[in-house]
Amino acid sequence: MENHKLQPLTEEERQFATENHRYVYTFLHRYNYSIDEFYDVVIFGFLKAVQVYLRKTHIRENYNFPFVNWAYCRVEMQLYFKRQKAQMRVPPNNITLYIGDGIGYSAKNYGYQRSFENEIATAEVFDSIKGNLPEIQRKIIDLKIEGYSSKEIYTALNIKPSTYYYNYNTLKDCLTKVIA
């Protein structure tokens with residue numbers, strides 16, 4: 001299943017989504033997910049399924065809609081739980097970015113004792129560096145700080161892995177020059 005980016009629905013897609021909305025609840029009930037907690041997650045998978053099903057003839061000819069919906073809703077739930085898990089990996093109150101091979105920005109890199117002042121100074125330097133970077137590289141840094149893996153980042157940003165790794169390596173080179 002390819003990565004599909006949700007776009008505004010056509011009138012036909014809106015009508016189809018309205019007629020088949022029950023499949024959102026069917027998915028949630030089948031896996032015992034709370035409607036209050038997970039409806040907002042699953043609905044995006046449902047809407048993507050609607051678009052893919054109606055826009056791609058080969059999908060419509062080979063699969064029924066409930067199957068396509070199930071696949072897209074399942075993927076949305078998996079991504080949701082991955083994001084939750086990634087956020088738990090981040091140590092609290094830690095303003096540190098490591099981009100491979102121990103290269104990164106932190107008060108610890110310079111042998112300072114951790115203190116509020118050193119963390120603020122590090123954050124200010126880091127923010128000034130980020131201000132000069134392209135938007136995609138700023139987003140990569142922000143997600144790395146939050147603890148996301150490379151695959152999670154390029155999936156969340158909806159970019160190709162090659163684009164991610166190009167920007168990632170550019171960031172590593174930039175930080176290596178700043179730290180050195």
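This report describes salt bridges in a predicted model.

Residues are numbered from 1 along each chain as its sequence is written. Because the model is predicted, local features need pLDDT of at least 70 and side-chain atom pairs count only at pLDDT 80 or more, while totals for chains, interfaces and linings use all residues; side-chain values use heavy atoms, with hydrogens and water left out.

A salt bridge is taken here as a side-chain nitrogen of Lys or Arg within 4 Å of a carboxyl oxygen of Asp or Glu. By this rule the model contains 4 salt bridges. Among them are the pairs listed below.

| Pair | N to O distance |
|---|---|
| Arginine 55 and glutamate 13 | 2.5 Å |
| Lysine 48 and glutamate 76 | 2.8 Å |
| Lysine 139 and glutamate 135 | 3.1 Å |

Helices are DSSP runs (H or I, at least four residues), numbered from the N terminus. Glutamate 76 lies in helix α5 (residues 65–89) and lysine 48 in helix α3, so their pair ties together parts 28 residues apart in sequence. Lysine 139 and glutamate 135, by contrast, both lie in helix α7 (residues 135–145), 4 residues apart, about one turn of the helix.

Accessibility is described by relative accessible area: buried means under 20%, exposed over 50%, and partly exposed in between (1.4 Å probe, protein chains only). Glutamate 13 is buried at 2%, whereas arginine 55 is partly exposed at 35%. Both glutamate 76 and lysine 48 are buried. Lysine 139 is partly exposed at 37%, and glutamate 135 is partly exposed at 48%.

Note on methods:
Helices (H or I, at least four residues) and strands (E, at least two) are DSSP runs, numbered from the N terminus.
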